[in-house]
Amino acid sequence: MRTPALAAAIAVLSLLAGCTQPAPSPSPTASSSAVALDLTAPGQARAMVRRLIAKAGTQRLIQVEITKEWAAITVVKDDQPETWAWRDNTIKQVDTDVAYVQQTVFSIDDFHINDVGALFRAAAGISGSESDQELQIVDSSAGEVFMSVSTVPESRTVFFYPDGSLLPTLDFTTEGGIERGLADVLGTRTTATAVGVQSTLGAWVDFPGSTTTTIRRLRTSTVPVTINERSQKPDLPPFAVARVRSASIWRVLAEARAEGEFTADTRWQVTVDDRARTGVPRMYFTIGTTSLVTDLDGREITP
């Protein structure tokens, strides 16, 4: 039997219940699929490139591009390029302006992209910029495939070998820089029509491309070997490039320095060729305003 006090309490509770508003439903949370990946995190870039390759249906790569927020690959199918990209959490084929001109085809398995963030940090330390960094893997034009990191706005592009090690910066005012530059441009070549080193440019080698063109391989201080073919008929006799030695070039420069004609700021260049058509190439130097001719051992030849 209800007492008057109990009845009054029930009445008050009933009144309060009628005034209570229903609890609001929780706001929907973003699905996990809407969370963008950070491709600079360890393992993420390689996994994404593999997904793109799977969608493309071939592993014949000629270009890979990776940023923190997107990635793209260009593959070759039936001698035609196709580009597949991951943007806004979607993988799809996209229009491309990449042309296939017999670039070197490569496998992603040969490149150390397990930690793109580490590559970006190393590049920033050299270029001084980490603004909108982009990693690219592509043929340098000389048949070798390098990784490079560039920025927007553009700063110095930093190059890496496939194993992730840095392409060394060459100082052509040192014997070691001259030696490495010559080794890079000569590669496996055995003959050339001209070989040269220029303090403000780098090392280069010329050889015939055809009967009407000349090919130049160039290695600058910060960029790997590139190739340029120009419309110039080869008109110099070829010679064995093994006869060109950095030690002989450095000997001439060291002697000029000892005589006070050569300082750290002096521009210089040397070209090795057989313009005299004697069957024996010579080295033609310009050091500042001084010109001289030497044999391949660096001994001056009196005109």
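How many bridges join strand β9 to strand β10? Select residues 194-198 for β9 and residues 202-208 for β10 in this predicted model, and you will find two strands that run antiparallel and are joined by five bridges. Within this pair, colour glutamine 198, which stands opposite glycine 202 in β10.

Seven strands form an open sheet, in the order β12-β11-β10-β9-β14-β15-β16, and the pairing is antiparallel. At its edges are β12 (226-230) and β16 (290-294), each of which pairs on one side only. If you look from strand to strand, neighbouring members of this sheet are turned by 15° against each other on average, direction ignored. In general, the strands of a sheet pair through backbone hydrogen bonds, either parallel or antiparallel.

Centre the view on leucine 253, which touches Ile178, Phe262, Trp268, Phe285 and Ile287, when residues up to four places away in sequence are not counted.

The last stop is helix α3, so select residues 116-127. At 1.5 Å a residue, the 12 residues of α3 should span 16 Å, and this agrees with its end C-alpha atoms, which are 16 Å apart. Which residues of α3 are buried? They are Val116, Gly117, Leu119, Phe120, Ala123, Ala124 and Ser127. Turn the view to look down the axis of α3, and these buried residues fall within an arc of 155°, so they line one face of the helix. The face turned away from this buried side carries Arg121 and Gly125, which are exposed.

To see what the buried residues of α3 pack against, show α2 (44-56), β1 (61-66), β5 (134-139), β6 (145-150) and β7 (158-160). Finish at glycine 128, which follows α3 and has a positive phi, near 80°.

Note on methods
Residues are numbered from 1 along each chain as its sequence is written. This is a predicted model: local features need pLDDT of at least 70, side-chain atom pairs count only at pLDDT 80 or more; totals for chains, interfaces and linings use all residues. Side-chain values use heavy atoms; hydrogens and water are left out. Two strands pair if DSSP finds at least two bridges between them. Helices (H or I, at least four residues) and strands (E, at least two) are DSSP runs, numbered from the N terminus. Axes are lines fitted to C-alpha atoms, for helices over the stretch in contact, and angles run from 0 to 180 degrees between N-to-C directions. The expected span of a helix is 1.5 Å times one less than its number of residues. Buried means under 20% relative accessible area, exposed over 50%, partly exposed in between (1.4 Å probe, protein chains only). The arc is that of the directions from the helix axis to the C-beta atoms. Contact means heavy atoms within 4.5 Å.
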